[in-house]
Every structure is written in structure tokens, then in C-alpha cells.
Amino acid sequence: MTTLGGGSTIGRPDLWHRIATSLLASGDQILVLVVLVAIWQVLSMTLGSYWVGSPWGVATRFVAGIGDGTLLHQASYTVFEAAAGFVLGALPAVVLPFALRRLPIATAILDPFMVGGYGAPKLALAPLFILWFGIGIESKIVLVAVTVFFIVYFSAQAGICALDVGLVRMAQVMGATERHVARHIVFPGAVPYVFAGLRLAMPYAIGGAIIAELISANRGLGYLIQFGAMNFDTTGIFVALVATTCIVFIGNWSVNAVERRLLRWRPVSDVTLQAGT
Amino acid sequence: MEEPLLEIRGLAKRFAKRSRREPAPWVIQDLTFSVSEGEFLTIIGPSGAGKTTLLNIIAQIDVASGGEVRFQSQCAPIDDPKALQPGLACRIGYVTQDDHLLPWRTTLQNVLFPLTVQGRLNAETRTRAEMLIRTAGLGGFENHYPHELSGGMRKRAALIRTLVYNPPVILMDEPFGALDAQTRTQLQEDLLRLWNLGKKTIIFVTHDIAEAIALGDRTLVLSRQPSRIAGKHAITIPRPRDVRGIMTHPEFGALYQRIRAQLQ
């Protein structure tokens with residue numbers, strides 16, 4: 001009985017410890033935020049709010065923009081473009097290395113093209129995509145998809161290359177077929193690498209959508225930035241930037257949440273180290 | 001005379017050349033021995049003697065370069081990696097030096113893995129798996145992931161994962177090598193108990209002379225590379241054996257000295 005009681009109290013200090021550490025960490029984060037806002041305020045006061053919109057002005061415009069729905073309306077285009085492009089780029093990027101796993105020659109032939117695609121500055125392709133797909137959301141989705149594809153492709157491939165041959169041999173000795181190996185060993189082993197790629201690609205997806213909007217669009221956060229610049233409205237630009245940052249935060253948090261669920265089997269330290277935020 | 005279960009004659013092995021000029025050295029050369037059914041054979045040799053390579057060849061996850069390997073009078077391929085049949089249709093189980101548990105599967109899921117891929121997972125085999133887990137002292141850890149288990153527990157889980165599908169032959173490659181003395185003795189006792197229950201054929205590789213004597217019916221001593229048989233010893237210490245007190249047995253000292261002399 002006493003041992004049972006002892007067992008249940010072990011969990012408690014651990015929980016308190018976790019709450020205390022996270023509070024402490026968020027305390028530090030708030031401190032950094034305050035310092036950054038203070039620097040911003042000082043810059044705004046010395047250079048004039050004409051050049052650097054004041055934090056207070058940005059905050060009121062931000063709240064007002066959410067209140068009347070205009071900001072959310074514009075953001076929804078950007079989020080849709082980023083999300084659609086993310087899925088469209090990430091899916092083939094995960095499937096392709098798996099399909100090519102047993103075809104080393106095909107992989108070798110494709111490799112230089114993949115490296116070239118990875119290295120090419122995708123943002124420079126934006127004008128081309130706008131010419132091909134028009135100024136609507138299609139060109140933005142394509143740009144995001146291309147950007148995301150190459151990042152995730154190389155991560156997924158790295159995950160497949162990192163396969164532990166010992167695990168495969170063991171499975172074969174136990175009677176596993178090629179399909180069992182793919183499903184039970186290669187795939188779960190590559191998942192952490194795929195997620196590393198997804199986490200890396202997420203801000204690029206949002207950034208890509210915004211850059212494409214900057215070049216040519218009549219809606220979205222990129223359009224807001226462009227519109228603000230044309231009207232010498234720095235506060236408007238800052239509002240759009242704050243909105244973008246919020247979206248990246250939410251996107252990052254979502255990827256981490258899904259990853260933590262899928263990768264429960266990993267040692268806790270790995271997961272928390274990668275959680276980042 | 002009864003046909004041996006496993007017969008190895010003139011076995012030779014060398015790995016692919018690393019450079020064009022010098023030929024690769026022989027890891028194993030002219031190795032001959034046989035194993036009969038139900039026997040507990042221990043193989044001992046200095047490190048780098050090709051012990052793991054030998055087991056890999058028997059389990060058919062590596063290919064021999066020459067000689068003859070017969071299992072149940074069926075010849076293994078020589079120099080033809082594509083014709084390998086890993087585990088010989090689940091007739092040979094293999095407990096490797098590293099436990100090779102799948103890190104994304106819990107203890108129970110790892111133990112059930114062979115049954116799953118063999119399509120033999122049903123209520124009966126599942127009950128047997130759960131029974132084995134409890135017998136091995138892993139009760140309460142069924143839903144833990146490998147990184148949450150201690151070294152000894154992982155070894156036990158790896159052993160059970162092989163026992164669960166009941167292969168008639170089990171190869172073991174220094175399975176208790178990296179453990180502390182206390183845990184190791186415990187696992188040796190567990191292994192002997194399990195072997196007594198099923199009377200499987202076991203080929204157990206070790207670099208520990210005392211372990212080789214305590215467990216085996218017979219001990220083979222391998223020489224340095226290229227590996228050959230340096231000595232054969234029948235261990236006549238009667239069973240059931242007391243693993244902890246094996247050193248005090250009158251036959252132990254002389255055997256130990258003879259094996260150690262051959263290991264030099």
C-alpha cells in the first residue's frame with residue numbers, strides 16, 4: 001500500500017517542476033519581448049512614426065483590423081495559399097523518395113536535378129509563375145508548393161538513407177517481407193526526418209505566399225504590405241508583418257503538436273529540444 | 001549415425017576488396033563443425049575472430065565465400081547474396097549483440113512483431129507472448145518504449161521476441177556482453193531455464209570463458225583471423241547447473257585453463 005502511495009506522489013513534483021520551468025521560460029520570453037518592443041518604441045520616437053510606426057499605433061490598428069474583419073479576410077487568402085501549397089508540395093516530396101527507395105539508378109539520375117531545384121532561388125521564379133498561372137491564388141500556391149517540395153524531399157530522403165540496416169535484417173530473419181519492412185521499419189524511421197523538413201518548410205510556405213503577393217496581387221497580407229508601402233503607411237506594413245508572425249507561430253505550433261503525437265516513442269528530451277517555442 | 005542438424009564444412013569467408021591491389025584477407029578459413037539437434041553449443045574466440053560473421057552466415061543474412069553450410073541437409077548459397085533466405089523461413093532465430101528492438105514499438109508490440117509479419121497473431125499466440133513477457137520479468141512494462149527500458153530489460157525483450165515464434169534453432173551473439181555481472185548471471189539462469197523447457201538448439205557466441213562453460217554442452221574455441229577451430233571441449237558438468245556457483249565445480253578450473261591456453 002505504501003509503495004502504491006509512493007508511486008503516485010512521484011508524478012506530482014514532476015508536474016510542478018514542469019509548470020515551474022515553463023513559467024520561468026515564458027517569463028524570460030516576455031522579458032525579451034518587452035526589450036524588443038522598447039527598442040521599437042525608441043526607434044519610432046527618434047526616427048518619427050512616419051518611418052517606423054509606433055508599437056501602440058500598430059497594436060490599435062491590428063486590433064481594429066481584426067475587429068472589422070479586414071485583416072482576417074486578407075490573412076485568410078495568404079493562409080489558404082500557404083496551406084494548399086504546403087500540402088501540394090509536401091505530399092509528393094514524401095511519397096517520391098519512398099517510391100525511389102528500391103531504384104538506386106533512378107535516384108542517381110534524378111539527384112542532380114533535385115539538387116539544382118533545391119539550390120535555385122525559388123522566389124526568383126515568382127514572376128515566371130505569375131506569367132504562367134496569372135495573378136490569382138494559383139501562382140502563389142505553385143510557388144509555395146515548389147519551395148516546400150525540395151526542402152521536404154531532401155529531409156525524407158535523408159530519413160530513408162538513415163535506415164538502420166540491422167533492424168531490416170532482424171525483421172527479415174523473423175520472416176518480414178519487403179512490404180513489411182517498408183511499412184514497419186522504413187516509414188516509421190523516416191517520420192522524424194520528414195517532420196524536421198516540414199518544420200523547416202513551414203515558414204518558407206508563408207513567406208513564399210507573401211512574396212508572390214508582394215509582386216502581384218490584389219489581396220492577401222503581401223498585398224497589404226505593398227499597399228502600405230505605396231501609401232507611405234509604415235504602420236500598415238508593421239500590422240501585416242505582425243499578422244504574418246502570428247501565422248508562422250500558429251503553423252509552427254501545429255506542426256509540433258502533430259509531431260509530438262506521432263513521435264511519442266522518442267525520448268522526451270529529443271522532442272522538447274525540437275519543440276523550439 | 002544420426003544426421004547433424006547443422007553441418008559446416010571447410011567454410012571460408014572474405015569480404016569485398018577495398019582496393020584493387022591487395023586482395024581482401026580471409027576472415028574465416030577452413031572452418032568445420034556440426035551441431036546436433038537440441039544441443040547447446042557455445043563458441044568462444046578472441047575479438048575479431050569472425051564470430052558474428054559466422055552467425056550471420058548460418059542465419060543467411062550474409063553469404064559464405066566457400067565451403068559448405070548445410071541446415072537440415074539443405075545447402076546454403078555460396079557467393080550468391082541474392083539467393084540468401086534470411087532466417088531460413090523462420091527456422092533459425094537470431095538474437096544479435098545489439099537488441100535491435102524497433103524504437104517506435106512498445107515492448108509488447110516488439111514481441112508481437114514476428115507474429116504480425118508471419119501472419120500468426122491470434123488470441124493463442126498473443127496469450128503466449130504475454131505469458132513470456134511476464135516470465136521474463138517484464139510485466140508492467142508492456143507499454144513502455146525501448147528507450148524507457150534498462151539494458152537488461154531490452155536484452156530480455158529481444159530474447160522473448162525470438163522465443164515467441166518458436167524457431168527450432170536460436171543463434172545468440174554475445175547477447176549479455178554489455179551487461180553488469182549481476183544482471184548477466186540472472187539472464188544466464190533465465191536462458192538455461194527457458195532452454196530446459198523447450199530443448200531448442202542454441203548456438204551461443206561469447207568472449208567470456210566462464211559463460212561458455214556455464215551454459216554449453218560443448219564449447220568450440222576459435223583462433224584469431226582467419227578463424228579456424230582451435231579446440232573442442234565437451235562440458236560434462238551435469239545439469240541443472242548452478243550458474244552462480246559454476247566456478248567452484250571441480251571440473252571448472254581445468255577446463256578454464258585449457259580454453260584460455262587455446263585462446264592465446
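Which residue in S5(B) is the bridge partner of Arg70(B)? In this predicted model, the partner is Cys75(B). Residues are numbered from 1 along each chain as its sequence is written, while chains are lettered from A and ligands numbered from 1 in the order in which they are written. Because the model is predicted, local features need pLDDT of at least 70 and side-chain atom pairs count only at pLDDT 80 or more, whereas totals for chains, interfaces and linings use all residues.

The bridge between Arg70(B) and Cys75(B) belongs to the antiparallel pairing of strand S4 (residues 66–71) with S5 of chain B, which runs over two bridges. Helices (H or I, at least four residues) and strands (E, at least two) are DSSP runs, numbered from the N terminus, and two strands pair if DSSP finds at least two bridges between them.

Axes are lines fitted to C-alpha atoms, for helices over the stretch in contact, and angles run from 0 to 180 degrees between N-to-C directions.

Several loops of chain B have backbone features to look for in the structure. A cis peptide bond with omega of about -10° joins Gln225(B) and Pro226(B), and Pro226(B) is found in the loop between strand S9 (218–222) and strand S10 (229–234) of chain B. The peptide bond from Arg239(B) to Pro240(B) is also cis, with omega near -5°; Pro240(B) lies in the loop between S10 and helix H7 (250–263) of chain B. In the loop between S5 and strand S6 (92–95) of chain B sits Asp79(B), a residue other than glycine with a positive phi, near 60°.

Chain B is divided into domain 1 (6–91 + 167–263) and domain 2 (96–165), with bounds that come from an automatic or database domain assignment. Their C-alpha centres lie 24 Å apart. Contact between the two domains takes 15 residues from domain 1 and twelve residues from domain 2 of chain B; two residues are in contact if their C-beta atoms, placed from the backbone, lie within 7 Å. On the domain 1 side, strand S7 (169–173) and helix H5 (181–198) of chain B are the elements that give two or more residues, and H5(B) gives the most, with four residues.

Turning to chain A, helix H8 (residues 178–215) and helix H9 (residues 221–230) pack at an angle of about 45°, with their axes 7 Å apart. These two helices, H8(A) and H9(A), are therefore oblique to each other, given that angles under 35 degrees count as roughly parallel, over 145 as roughly antiparallel, 65 to 115 as roughly perpendicular and the rest as oblique. Among the residues that meet are Ile210(A) and Leu214(A) in H8(A), and Leu221(A) and Tyr223(A) in H9(A).

H8(A) also packs with helix H10 (residues 234–262) of chain A, where the axes come within 10 Å and cross at roughly 165°. H8(A) and H10(A) are therefore roughly antiparallel to each other. Their contact includes Phe195(A) and Ile210(A) in H8(A), and Ile247(A) and Val255(A) in H10(A).

Between the chains, 15 residues of chain A are in contact with 19 residues of chain B. Helix H7 (165–173) and H8 of chain A each supply at least two residues of the chain A side, and the largest share, seven residues, comes from H7(A).
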